[in-house]
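Dear colleague,

Please find the structure below, handed over for your own work. After it come my notes on what turned up when I went through it.

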Amino acid sequence: MTQIIFLGPPGAGKGTQAARIAEQENIPHISTGNILRSHVAEATDLGIQAKSYMDRGDLVPDQLILDMVRQRLAEDDAQTGWILDGFPRNIAQADFVQGLLQQQITVVGATLPGNDLLVINLEVPDEILVQRLLARGRQDDNEETIRRRLQVYREQTAPLIQFYQDQKQLVSVDGDASMDVVTDKLLDVIASTKVP
Ligand code: AMP
């Protein structure tokens with residue numbers, strides 16, 4: 001069971017790297033941002049409710065996100081592992097993940113709580129993040145929204161670094177290198193944390 005959370009600021013390369021790792025490890029890449037964007041594109045109830053938050057660079061309320069994630073993780077392909085990209089993004093969401101893992105332990109009878117979870121913190125300096133985001137040109141990649149997303153990251157998401165450090169589940173990886181170099185480092189980290 002490979003369960004990986006990708007932490008890191010917007011523009012750190014989480015999406016690109018998570019997709020590569022997912023393919024290598026043969027587990028689904030679950031990006032809450034991608035799921036939300038497809039809801040917006042299809043104008044579902046969730047998409048309509050989420051859009052204004054996304055356009056501003058704010059977090060979509062937990063109440064909408066948690067159900068969405070619960071459903072996605074209940075699908076067949078997620079039963080042997082997953083990579084979460086862009087989730088959790090605040091302490092309440094991290095508590096939700098802990099709850100899910102706890103349930104798994106009760107059901108499957110695994111060993112230590114949260115034992116299987118690996119949290120990768122992709123580190124990239126701020127000035128590089130802004131350059132990367134501006135170059136990407138997604139709808140929410142304008143300067144004002146980028147500033148807000150970085151602020152939201154610092155206020156709400158960055159505290160998760162300490163949260164997972166305290167649980168001894170965090171590994172930091174330097175994301176300020178070429179894509180291939182970062183992918184190789186990530187694969188090394190994942191291989192070295194696997195119990196034989
Ligand atoms: P991302 O593609 O991860 O950068 O997400 C794009 C936008 O979707 C974010 O700026 C948020 O508005 C929203 N979003 C994505 N994931 C979450 C989440 N876990 N919690 C709340 N909002 C989210």
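Asn26 is exposed, with 68% of relative accessible area, where exposed means over 50%, buried under 20% and partly exposed in between (1.4 Å probe, protein chains only). Before going further, please note that this is a predicted model, in which local features need pLDDT of at least 70 and side-chain atom pairs count only at pLDDT 80 or more, whereas totals for chains, interfaces and linings use all residues. Residues are numbered from 1 along each chain as its sequence is written, and side-chain values use heavy atoms, with hydrogens and water left out.

Backbone

Asn26 is found in the loop between α1 (14–25) and β2 (29–31), helices (H or I, at least four residues) and strands (E, at least two) being DSSP runs numbered from the N terminus. Although Asn26 is not a glycine, its phi is positive, at about 60°. Ala43, in the loop between α2 (32–41) and α3 (45–56), also has a positive phi, near 50°, and with a relative accessible area of 48% Ala43 is partly exposed. Most residues other than glycine have a negative phi, and most peptide bonds are trans. The peptide bond from Phe87 to Pro88 is cis, with omega near -5°, and Pro88 belongs to the loop between β3 (81–85) and α5 (91–108).

Helix α8

In helix α8, which covers residues 159–166, the residues Leu160, Phe163 and Tyr164 are buried. Seen down the axis of α8, the buried residues fall within an arc of 85°, so they line one face of the helix; the arc is that of the directions from the helix axis to the C-beta atoms. An α-helix has 3.6 residues a turn, so residues three or four places apart point the same way. After α8 comes Lys168, with a positive phi near 60°.

Salt bridges

A search of the whole structure finds 12 salt bridges, each being a side-chain nitrogen of Lys or Arg within 4 Å of a carboxyl oxygen of Asp or Glu. One of them joins Asp126 and Arg154, whose closest N and O atoms are 2.8 Å apart. Because Asp126 lies in helix α6 (residues 126–136) and Arg154 in helix α7 (residues 143–157), the pair ties together parts that are 28 residues apart in sequence. Both ends are partly exposed, Asp126 at 38% relative accessibility and Arg154 at 46%.

Arg72 and Glu75 also meet through their side chains in a salt bridge (3.5 Å, N to O); here Arg72 is buried, with a relative accessible area of 16%, while Glu75 is partly exposed at 40%. Asp140 and Arg149 form a salt bridge with their closest N and O atoms 3.8 Å apart, and both of these residues are buried. Salt bridges with shared partners join Arg136, Arg138, Asp140, Asp141 and Arg149 into one network.

Surface charge

Glu123, Glu127, Asp174 and Asp176 gather on the surface in a patch of negative charge. Such patches are made of residues with over 30% relative accessible area and no salt bridge, like charges being joined within 9 Å. Asp174 has its place in strand β5 (residues 170–174) and counts as partly exposed at 39% relative accessibility.

Technical notes: Patches are made of residues with over 30% relative accessible area and no salt bridge: like charges are joined within 9 Å, nonpolar side chains (Val, Leu, Ile, Met, Phe, Trp, Tyr) within 5 Å. Accessible areas come from the Shrake-Rupley method with a 1.4 Å probe; for residues, only the protein chains shown count as cover. Lys and Arg count as positive and Asp and Glu as negative; His and the chain ends are not counted. The place of a charge is taken as NZ of Lys, CZ of Arg, CG of Asp or CD of Glu.
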